[in-house]
Amino acid sequence: DRDTFMAFWEDEIATRCNAISHFVEFENSEAMDTFKAVNMPEVAMIMFKPEFRTTDLRSDNVQRRIKFGFFLVKRAANHEDQAEIKQLKNTCIAIVEDIIARLGKLNEESEFFGKYHADATDYDEVEGIFDNHYGCQCFGEIISKTSIKYDATKWTL
């Protein structure tokens, strides 16, 4: 479910990554307002609500695809300093690559939510988020390890 998925990102990724200081859910307007007002100078992970879709290869094994997305951003002390902005973006891109590596490692160990393949992940620079935050955006997907099964007992004939 959504809450378990978000808890995974907060507990297993954001909290355990030494480079990330804050985790905020984008849909939590109160948390986002606090984030914007405080102007935190450390790297923050801003997580989007997951999206779900199904995939079926004409079988009885319908699987759920969980699409995820997040920003990693850091506030620039001077939004006109191009060298600082470039460094912030490079730092956040390196952290995203660390996250991708961790997801791969976790997948090898336990397939936490399902199958993760790094080739299903895209990331790129972002700038000017919340006026003076720069960094990286990342989007990907995980295929759930739990299939969606038809249950005849839930239907009348």
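The questions and answers below go through a predicted model of one protein chain.

Q: How many helices and strands are in the chain?
A: From the N terminus on, the elements run α-β-α-β-β-β-α-β-β. Counting by type gives 3 helices and 6 strands.

Q: What box do the C-alpha atoms of the chain fill, and what percentage of the residues is buried?
A: Taken along the principal axes, the box is roughly 65 × 30 × 25 Å. A residue counts as buried when its relative accessible area is under 20%. Of the 157 residues in the chain, the buried share is 40%.

Q: Among contacts between residues at least 6 apart in sequence, what percentage joins residues at least 24 apart?
A: A contact means heavy atoms within 4.5 Å. Among the contacts in the chain that join residues at least 6 apart in sequence, the share with at least 24 between the partners is 60%.

Q: What distance does helix α1 reach from its first C-alpha to its last?
A: Helix α1 covers residues 2-14, which is 13 residues. At 1.5 Å a residue, 18 Å is expected. The model comes close to that, with a reach of 17 Å.

Q: Where around the axis of α1 are its buried residues: on the same side or on opposite sides?
A: The buried residues of α1 are F5, M6, F8, W9, I13 and A14. They cover an arc of only 150° around the axis, which puts them on the same side of α1.

Q: Which elements do the buried residues of α1 pack against?
A: The partners include both strands and a helix.

Q: How are α1 and α3 oriented to each other: roughly parallel or roughly perpendicular?
A: Two packed helices are described by the angle between their axes and the distance between the axes. The axes of α1 and α3 come within 11 Å and cross at roughly 105°. Angles of 65 to 115 degrees count as roughly perpendicular. The two helices, α1 and α3, are therefore roughly perpendicular.

Q: Is F68 buried or exposed?
A: F68 lies in strand β4. Not counting residues up to four places away in sequence, F68 touches F5, W9, M47, L103, Y116, T121, C138, F139, G140, E141 and I142. Its relative accessibility is 3%, so F68 counts as buried.

Q: How far apart in space are F68 and E10, C-alpha to C-alpha?
A: Along the sequence, F68 and E10 are 58 residues apart. In space, their C-alpha atoms are separated by 13 Å.

Q: Is M40 buried or exposed?
A: M40 is in the loop between α2 (29-38) and β2. The relative accessibility of M40 is 12%, and the cut-off for a buried residue is under 20%. M40 therefore counts as buried.

Q: How far apart in space are M40 and H133, C-alpha to C-alpha?
A: M40 and H133 are 93 residues apart in sequence. From C-alpha to C-alpha, the distance in space is 9.6 Å.

Q: Which term applies to A7 and which to D3: buried, partly exposed or exposed?
A: A7 has its place in helix α1, and D3 is also in helix α1. With a relative accessible area of 30%, A7 is partly exposed. At 57% relative accessibility, D3 counts as exposed.

Technical notes. Residues are numbered from 1 along each chain as its sequence is written. This is a predicted model: local features need pLDDT of at least 70, side-chain atom pairs count only at pLDDT 80 or more; totals for chains, interfaces and linings use all residues. Side-chain values use heavy atoms; hydrogens and water are left out. Helices (H or I, at least four residues) and strands (E, at least two) are DSSP runs, numbered from the N terminus. The expected span of a helix is 1.5 Å times one less than its number of residues. Buried means under 20% relative accessible area, exposed over 50%, partly exposed in between (1.4 Å probe, protein chains only). The arc is that of the directions from the helix axis to the C-beta atoms. Axes are lines fitted to C-alpha atoms, for helices over the stretch in contact, and angles run from 0 to 180 degrees between N-to-C directions. Angles under 35 degrees count as roughly parallel, over 145 as roughly antiparallel, 65 to 115 as roughly perpendicular and the rest as oblique.
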